[in-house]
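The following paragraphs lead the reader through one structure, from its overall content to selected details of packing. Please keep the sequence and the coordinates in view while reading.

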Amino acid sequence: MPLLASWLRIGSPTKKVDACSRSSQDSLTIVEKADILQSQKADIREEKVQWLVRSIVNTHTELLKLPHLRPAPAINKLLGNLVAICSEIHDQEIINKVLQNVSVQAVLPSLRQICAQSESCLELHWAEHILEGQTQQEVVERLESFPYYENYEDLTRLEVCSILSATKKAPRRVAFIGSGPLPLTSLCLLQALKSDVAVRSLTQPTTNNTTATDNAANQEPIVLNVDYDEAAISASLKLSLALGERGNGMEFICAEATSASASRDLSEFDVVYMAALVGVTQTDKEKIMLEVISRMRRGALLVVRSSWGLRSCLYPEVDLATETLLKRLEPCVVVHPYNQVVNSVIVARVR
């Protein structure tokens, strides 16, 4: 009996229960640690959201204190930091929390307006600086020394590729609405259409088409610059002339975006650009687009500059998938750059 009792004690379920209890405790510890880690991660993400919110709101406050928006060390630093912050890549949850924050929502319209005005001041300042060049070579050198010149080249390359993905032939006639005093996109686009081998190869007919088609493909490209600001058009026209051959093909009209075609028929253009600063809100942009589209020919392309993520703090995001716009436009390409290029690109075909 003592032997049997000993055996029973050895094989009794008590020890098994104890062993299971220890295992259960270990499992609970693992779960607790996982919960703590998850909570810490959530805290870090929330701290990131709050830091982004504070940075955006505080920058807006500091910008409002400035006596003017012309280029100067203070505004250059503030806007440089803001662009860097808004160009960071975050997941959609963080982006939504920042953009939906009450404080950010309150300053967004004003912040975008400040960014637009400061960009115009920057362009006008540099246009004047470039025009002070004594020779054509010096004018070109000053143009290419513009701090964001490479960004414009990158953006133009992105847009040209987007355009070529939506059409079988490279455009020869382009209108740019909202060109501003320093029409860098127009100049970069003109150079690309004139000299890029890949682009030029697509301008050649692939079949035995008519002579008219051949002639159209071989036309020298033209970029029409449209802006409502007389000072902007005057500066950009002088710059184009000062650049010599490089400015050949640039044309200019001073007019409102919605009435530009009153003095120039937009139906003659293969592509019409709408700059990011044309229209402040989605409603404004939609109204302008509908007016512009009504004067374009069927099959022509509309290129709209938009934004995404936190970059929409700098430029308003454009939605082409509205019921009204979809009746008139067929969206073809949307590109959201993840590099130093801030603007997104939307290409749509006129129905």
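What percentage of the 351 residues in the protein is made up of buried residues? In this predicted model, the buried residues account for 45% of the 351 residues. The secondary structure consists of 13 helices and 7 strands. Among contacts in the protein with a separation of 6 or more, 78% are between residues 24 or more positions apart.

Strands of a sheet may in general pair parallel or antiparallel, through backbone hydrogen bonds. Here, 7 strands make up an open sheet with mixed pairing, and their order is β3-β2-β1-β4-β5-β7-β6. Strand β3 (250–254) and strand β6 (329–335) are the edge strands, each of which pairs on one side only. From one strand to the next, the twist averages 20°.

At the β3 end of this order, strand β2 (residues 222–227) runs parallel to β3, and 5 bridges join the two strands. Within this pair, Ile-253 in β3 is the residue that stands opposite Val-226. Helix α8 (residues 184–195) packs on the sheet, where it touches β1 (173–177), β2, β3, β4 (271–274) and β5 (301–306). The direction of α8 makes about 170° with that of β2.

Helix α8 also contains Lys-194. Is Lys-194 buried or exposed? Lys-194 counts as buried because its relative accessibility is 18%, and the cut-off for a buried residue is under 20%. A polar atom of the Lys-194 side chain lies 2.7 Å from the backbone oxygen of Asn-248.

A further packing arrangement involves two helices. Such a pair is described in general by the angle between the helix axes and the distance between them. Helix α5 (residues 102–131) packs with helix α11 (residues 230–242) at an angle of about 35°, and their axes are 10 Å apart. The crossing in which α5 passes α11 is left-handed.

Which residues meet where these two helices pack? On the α5 side they are Leu-124, Ala-127, Ile-130 and Leu-131, and these meet Ala-235, Lys-238, Leu-239 and Ala-242 in α11. Classified by residue type, the contact of α5 with α11 comprises 7 nonpolar residues, no polar residues and 1 charged residue.

Methods:
Residues are numbered from 1 along each chain as its sequence is written. This is a predicted model: local features need pLDDT of at least 70, side-chain atom pairs count only at pLDDT 80 or more; totals for chains, interfaces and linings use all residues. Side-chain values use heavy atoms; hydrogens and water are left out. Two strands pair if DSSP finds at least two bridges between them. Helices (H or I, at least four residues) and strands (E, at least two) are DSSP runs, numbered from the N terminus. Axes are lines fitted to C-alpha atoms, for helices over the stretch in contact, and angles run from 0 to 180 degrees between N-to-C directions. Contact means heavy atoms within 4.5 Å. Buried means under 20% relative accessible area, exposed over 50%, partly exposed in between (1.4 Å probe, protein chains only). A polar contact is a pair of N or O atoms within 3.5 Å; within protein, one must be able to donate a hydrogen and the other to accept it, and residues adjacent in sequence count only if both atoms are side-chain atoms. A crossing is left-handed if the near helix is turned anticlockwise from the far one by less than a right angle, and right-handed if clockwise. Ala, Val, Leu, Ile, Met, Phe, Trp, Tyr, Cys and Pro count as nonpolar, Asp, Glu, Lys and Arg as charged, and the others, Gly among them, as polar.
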